[in-house]
Amino acid sequence: MDLGFADKRVIVTGGSRGIGHATVQTLINEGAAVATCARGAEALEAALAQWQKQGGTAYGASVDVSDSQAFARWFELAVEQLGGLDVFVSNVTSKNEYSGEARWEQAFEADLMQHIRATEMALPHLRKGKDASIVYIASIASIMSANMPTETEYGAMKAALISYASQLAHKLGKENIRVNLLSPGPIYHKNGFWQGVEKHQPDLYKRAQALSVFNRLGTAQEVANATAFLASPVASNITGINLRVDGGTIKTVNF
Ligand SMILES: NC(=O)c1ccc[n+]([C@@H]2O[C@H](COP(=O)([O-])OP(=O)(O)OC[C@H]3O[C@@H](n4cnc5c(N)ncnc54)[C@H](OP(=O)(O)O)[C@@H]3O)[C@@H](O)[C@H]2O)c1
């Protein structure tokens with residue numbers, strides 16, 4: 001199936017590794033022009049060089065999305081380089097190393113506020129774009145009451161993100177801008193969270209595996225495939241959904 005990305009201009013935040021990296025690679029394979037960012041310059045530059053070597057149109061520079069002024073400058077430059085914006089994939093999360101109230105503030109910034117800030121930056125451009133759509137990467141942690149203790153704040157903020165995006169989908173429908181979310185279950189990738197769990201907490205890793213009906217963790221490519229579909233014009237009648245990519249980890253009926 002041709003997803004219709006050949007003439008599309010896309011921003012994906014956090015594309016230097018993991019789900020963001022797989023998403024950029026997938027969109028480039030589909031013919032989109034993509035701009036991405038990360039804080040760490042080395043991994044980002046290596047990824048950009050790889051995509052450009054493949055003949056892809058890929059732009060990027062390092063920036064911290066929680067630095068609102070620097071991020072706004074980055075966003076405008078990215079849109080300028082792309083020549084406009086049709087699709088925005090809001091993917092970033094950041095490791096939370098705080099405790100107490102500061103931990104909640106960090107989660108609010110990383111898992112909610114920066115998505116909203118980025119959306120405000122994207123919207124004026126998406127309104128001028130073609131087949132415009134937004135995809136947020138949420139998490140099944142948003143609907144689990146038995147999360148790992150370290151995911152309390154993360155899960156609550158991802159739940160807020162789902163509420164925000166669902167309301168946005170309703171508001172933007174009349175402007176023909178689609179808004180969807182994707183909620184991965186545990187995803188294994190190089191230098192990712194679950195690689196660390198596999199090494200340091202093998203029992204927890206096995207429990208996460210066993211929750212999937214396939215008895216394995218998901219891959220970044222599986223998330224990227226679903227993201228590309230939801231973001232694409234092929235999904236033209238789909239808006240306001242939260243698609244789980246979790247191998248059946250959540251054991252509820254999904255109406
Ligand atoms: N992996 C999973 O099991 C899983 C499960 C459910 C949901 N998710 C969601 O999927 C998304 C991606 O997860 P992932 O596992 O691929 O994450 P990851 O491995 O931590 O990668 C995050 C990406 O974002 C960049 N980034 C982090 N903080 C940033 C900041 N403040 N400013 C700019 N860039 C920043 C990182 O690069 P730098 O560190 O260099 O900045 C990296 O490129 C997240 O929204 C996450 O919540 C993941």
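How do the axes of H1 and H2 cross, and within what distance do they come? They cross at roughly 15 degrees and come within 11 Å.

## About the model

This model is predicted, so local features need pLDDT of at least 70 and side-chain atom pairs count only at pLDDT 80 or more, while totals for chains, interfaces and linings use all residues. Residues are numbered from 1 along each chain as its sequence is written, and side-chain values use heavy atoms, with hydrogens and water left out.

## H1 and H2

Let's stay with that pair. Helices here are DSSP runs (H or I, at least four residues), numbered from the N terminus. Axes are lines fitted to C-alpha atoms over the stretch in contact, with angles from 0 to 180 degrees between N-to-C directions. The angle makes H1 roughly parallel to H2 (under 35 degrees counts as roughly parallel).

The crossing of H1 and H2 is right-handed, meaning the near helix is turned clockwise from the far one by less than a right angle. His21, Val24, Gln25 and Ile28 of H1 meet Ala47, Gln50 and Trp51 of H2 (contact means heavy atoms within 4.5 Å). Sorted by class, that contact has 4 nonpolar, 3 polar and no charged residues. Ala, Val, Leu, Ile, Met, Phe, Trp, Tyr, Cys and Pro count as nonpolar, Asp, Glu, Lys and Arg as charged, and the others, Gly among them, as polar.

H3 (residues 68-82) and H4 (residues 100-126) pack at about 30 degrees, with axes 10 Å apart. That makes H3 roughly parallel to H4. Among the residues that meet are Phe71 and Phe75 in H3 and Met121 in H4.

H6 (residues 193-200) and H7 (residues 202-211) pack at about 125 degrees, with axes 5 Å apart. These two are therefore oblique to each other (oblique covers what is left after roughly parallel, over 145 as roughly antiparallel and 65 to 115 as roughly perpendicular).
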